Amino acid sequence: MQPLIDNARTFGQRPEEFARLAEGQSPQVLFITCSDSRVVPALITGARPGELFELRTAGNIVPPYASQQPTGEAATIEYAVEVLGVRDIVVCGHSHCGAVGALVRGDDLTAVPAVRDWLAHAAPRPAGAAEDPEVAEGVQSHVLTQLLRLRSYPCVGRKLAQGLLGLHAWYYEVHTGAVRTHRPQTDTFESL
């Protein structure tokens with residue numbers, strides 16, 4: 001914890017670098033990814049403060065849209081699309097994902113009921129080999145499922161129909177730093 005505290009103490013000593021941020025934000029991309037500490041969206045994309053709007057959830061899950069009981073995730077997506085006017089949404093899964101791995105293996109999650117109930121939103125269960133520590137196939141199919149789920153959000157569906165929004169599926173390899181994107185033409189994940 002001490003290195004984090006030390007950096008936080010010196011972080012604010014460069015006010016000239018941050019003054020423009022007080023004027024507001026205008027990110028072009030909503031980046032939805034896992035809460036995993038090895039996945040750092042700004043590091044992966046090279047984004048500076050104000051350039052990337054982030055939504056991080058366990059397993060980069062986009063829950064089903066429900067207008068009667070809105071979730072924090074739905075509010076974040078709606079705000080990004082309707083208020084900030086993002087032009088693109090990236091759903092980025094990653095190798096060695098504990099959440100997707102638990103789903104692929106069918107782990108018993110009774111000891112962590114909140115995690116179990118949250119992961120139920122991932123349905124259907126991702127495909128993949130249970131013995132694969134990278135869970136590459138499982139994560140990639142899971143990311144595509146989340147993209148489909150996004151399409152059911154009214155604000156996303158509307159902007160897609162108007163040609164004002166693009167959806168992208170990415171797969172980040174934590175062990176190499178490589179990023180792959182889904183190519184619909186071949187239905188494969190390939191290097192960016």
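Analyst: Let's start with helix H4 (residues 72-83), which lies across E1, E2 and strand E3 (88-94) and runs at about 165° to E2. Helices (H or I, at least four residues) and strands (E, at least two) are DSSP runs numbered from the N terminus. Axes are lines fitted to C-alpha atoms, for helices over the stretch in contact, and angles go from 0 to 180 degrees between N-to-C directions. Bear in mind that this is a predicted model: local features need pLDDT of at least 70, side-chain atom pairs count only at pLDDT 80 or more, and totals for chains, interfaces and linings use all residues. Residues are numbered from 1 along each chain as its sequence is written, and side-chain values use heavy atoms, with hydrogens and water left out.

The sheet itself is open, with six strands in the order E2-E1-E3-E4-E5-E6 and mixed pairing (two strands pair if DSSP finds at least two bridges between them). Strands E2 (52-57) and E6 (188-191) are at the edges with a single partner strand each, so one side of each has no neighbour in the sheet. On average, neighbouring strands here are turned by 30° against each other, direction ignored. E1 (residues 29-34) pairs with E2 in the parallel sense over six bridges, and Thr33 sits opposite Arg56 in E2.

Now the annotated spot. UniProt, in an unreviewed entry, puts the feature "binding site" at Cys34, Asp36, His94 and Cys97; its positions are in the numbering used here, feature names are shortened, and annotations may be inferred rather than shown by experiment. These residues are spread over 64 residues of sequence yet cluster in space, with a largest C-alpha distance of 8.9 Å.

Cys34 belongs to strand E1. It counts as buried because its relative accessible area is 6% (buried is under 20%, exposed over 50%, partly exposed in between, with a 1.4 Å probe and protein chains only). Leaving out residues up to four places away in sequence, Cys34 touches, among others, Arg56, Thr57, His94 and Cys97; contact means heavy atoms within 4.5 Å. Cys97 is in the loop between E3 and helix H5 (98-105), buried at 3%.
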